[in-house]
Amino acid sequence: MELVRRLQLRKEPVPLRSSSVSVLIRGFVADVGCELLYRNEELGPLEVVFKFPVDAEAAVYAFEARLGGACIQAQLHEKKQAQELYGDTLAGGQSSFLLQQEGAGGDVFSCSLGNLPPGEEAVLTLRYVCELPLEPDGAARYVLPTVLRPRYTPHGWHGEDVTQGVPRVPQRELPYTLSLSATLQSPHSINRVLSNCPLTPLSYTAGNRTTAQVSLAQAPPWDRDVELLVYYAEPHKPSAVLEAGLPGAGSLMGDPAVMVTLLPSVPEAVLAQSRAGEFILLLDRSSSMTCPMDSRDLFPQRIDSAKESLILLLKSLPLGCYFNVYGFGTEFESFYPQTVEYTQQTMAESLQRIQLLQADLGGTRILEPLRAIYRSPCRDGHPRQLFVFTDGEVENTQDVITEVWRNRGTHRCFSFGIGDGVSTALIKGIARAAGGSAEFITGQDRMQPKVLQSLKRALLPAVTGISLSWDLPPGMQAQLLHRCPEVIFPGQRCLVYAQLRGQPQPPDTSMAGVTLQYGIQDQTYKETLQFSLQPQDGDRLPVHRLAAKSLLLELEGAVGAGSEGAQHRALEASLSSGVICSLTAYVGVDTQRGQPVQGPLVRQDVPLTDFIREYVEMRDCISIREIQIDRVCERPASRARLDEPNYRSVFGGLSRDLWQWYSRAARKCLQLSKSSTSHLPQRMPEESPLLRLVSLQNADGSWDLDPQLAAVLGVSETDARKRIPSEDVTPSIWATVLAVVWLHDRAVGQRDEWELLEAKAVGWVRDRAGAQLSECLKAANALLGCSVGPAVFGL
């Protein structure tokens, strides 16, 4: 951390001066160029190393440099060869640059620039293409990762620590800036663009609003990832994009490639939610979960938002299913030795325990609880559904993904990445390995709608018999570049990449088609899409590169499982497509400089912002209890673990110097007497009225008429009892009707969060109220001042 001390004490600049990002967003695909400007203001040559995050599913396909007026294109080589060439070049006094994936996770890259002469500038540009997820509200979401938090290194880990040695400084001391500009294109009109950072006004460049431009209005804070939400007129429309290949580039890049987006649509009658299932909720309780969801506000903490999501999940489970709740950190624990039946008693007991959960389990060791879950036998007739909540900072990402993949036949995995800097490799990898879905919650996002959306998917009947068939002209064949999807959720996008070979006969044929077929409950469904065989313009080949990346992800998963044949195929696919993977690296050499660079080479690592330190500084004056360190220090067994040799087991993943700073802050705060801190405000997150109402619901979907419910509804219990429509209506029926009416009137904007538990309530009350239901609804509307219609209760 010498560099950090130099920055703090002498304010010397590091060589990276600015980062400029340009994004071309076409529908749900983003083609990104990142330009890094370096300047050597030292007296001798420098080697500069910059580690940064990239989405694990992004296809990095180009790397180039402008050195001394010359533009040099890097070449993709097998990683060991690239590293040797880079080292030999530096030893010979030539300038060279290297881009490689760090570790096996796929979401951390390092950019090295060696032998940058004194007084000179260099501009390095890397390019990548990525798919954009479809958000629940229909937005295409582009994220520029800027936050790279330390990865937790589990005990006994012998792999590479990809973030070790990365210097970290407070945001205000970062000596470089970031700018971003985006060009938007869509066959349908672009309605609006939102961001978590200030934007310039959206500028349309076509009269039909199908192209536009937007930029960041100012340099963004470095303590959050930059997000753009692009809203189109028809986001849920199936589509196909055909792209011509490069002549003479070989089969993978030379043949045309097609990206097909299908959105299965199943009749509502078929989508009756199952009462069967074994639901295992795995919650990250490591110390980093005390960080706030939004760096601009101290609350809610990630752990608080996750706990609220667990409460909603628990209330939304169907009677008759099985469940369990695990918490993990350096150690792990579960509510029950094995999954238990979902009853009023087990639900109430678990609800009390969830409310007491804290982020007090140290590091982020997720592999051990996963293995414990997989060792427990599955329940016959109850498909296992695993929900994982984590802020994702583990070093052994590939080991975790491989473990989930080995057990993919026994469960589906739904993963939730919480906060900026989360490992996309981990979150997407485990969901992909076990046929579930991945969601990311950052900034001011609410976690609950995405969690409940995943639960709805988990409750749907199993999809079977998935197959694809192509309707192509004679003389053409289609070959999938990855496995056929194993899981499809109704209403969710299904992306398919295929290579088209041959020539159509007759050659003037202009249309083709693809049909997705699948079965649900012995019923077969088909989705067919027609597409043009006229390829789109452009030379960046985003579809080819995304297709290559999907193939590489599949092959690298097999490599992690020990397949030597997959390793050979992955290396060949990477080199032929130009898309980097864990086996390859980009290297460029300045061959135009006549004389070798003179002088001893000094290495400088480019620092990243240290949000953890700033967060502790902000809260130092309140109480260490609010950052949970006292929970570790108060336990005699844990007090010894504050010693430096065991620092990873407590707070996990922090660099050694940062740990020393962190522990000093902890001890300083622990020395404060209770009298000196008792007057300080204890800011606690306020429980929402919706969550209070949900917390009162019984496992069968009903509510009891009691003072707590009356308080949430805004009426007195006495008045509520007086307004019961008739003697045939029990207090519970009346209370449940009131609660449902309240939800539809007072919490209509949060429908995605209560839709499942409301369905339980409506089913319960319809079975019991009979002919009195219409009268109950009328009386409930009158009492609460609402106008909820009879269709809510199926009347």
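**Close-up views of salt bridges and positive phi values**

View A. Welcome to the first stop: Arg39 is partly exposed, since its relative accessible area comes to 26%. Please keep in mind that this is a predicted model. Glu41 is partly exposed as well, with a relative accessible area of 49%. Between the side chains of Arg39 and Glu41 runs a salt bridge, at 3.9 Å from N to O. This pair belongs to a structure that holds 30 salt bridges in total.

**View B. The salt bridge of Glu135 with Lys450.** Here the closest N and O atoms of Glu135 and Lys450 are 2.8 Å apart, and the residues form a salt bridge. Glu135 sits in the loop between strand S9 (121-131) and strand S10 (139-144), while Lys450 belongs to helix H9 (residues 447-459), so the contact ties together parts that are 315 residues apart in sequence. Is Glu135 buried or exposed? Glu135 is buried, as its relative accessible area is 10% and the cut-off for buried is under 20%. Lys450 also counts as buried, at 5% relative accessibility.

**View C. The salt bridge of Arg384 with Glu278.** Arg384 and Glu278 form a salt bridge whose closest N and O atoms are 2.9 Å apart. Distant parts of the chain are linked by this pair: Arg384 is in strand S23 (residues 384-390) and Glu278 in strand S19 (residues 278-284), 106 residues apart. Arg384 counts as buried at 4% relative accessibility. Glu278 is buried too, with a relative accessible area of 1%.

**View D. A network that includes Arg39 and Glu41.** Which residues do salt bridges with shared partners join into one network? They are Arg17, Arg39, Glu41 and Glu121.

**View E. Asn115, with a positive phi.** Most residues other than glycine have a negative phi. Asn115, which is not a glycine, has a positive phi near 60°. Look for Asn115 in strand S8 (residues 108-116). Asn115 is buried, with 3% relative accessible area.

**View F. Leu541, with a positive phi.** Where is Leu541 found? Leu541 lies in the loop between strand S30 (523-532) and helix H10 (542-560). The phi of Leu541 is near 55°, which is again a positive value in a residue other than glycine. With 2% relative accessibility, Leu541 counts as buried.

Terms used:
Residues are numbered from 1 along each chain as its sequence is written. This is a predicted model: local features need pLDDT of at least 70, side-chain atom pairs count only at pLDDT 80 or more; totals for chains, interfaces and linings use all residues. Side-chain values use heavy atoms; hydrogens and water are left out. Helices (H or I, at least four residues) and strands (E, at least two) are DSSP runs, numbered from the N terminus. Buried means under 20% relative accessible area, exposed over 50%, partly exposed in between (1.4 Å probe, protein chains only). A salt bridge is a side-chain nitrogen of Lys or Arg within 4 Å of a carboxyl oxygen of Asp or Glu.
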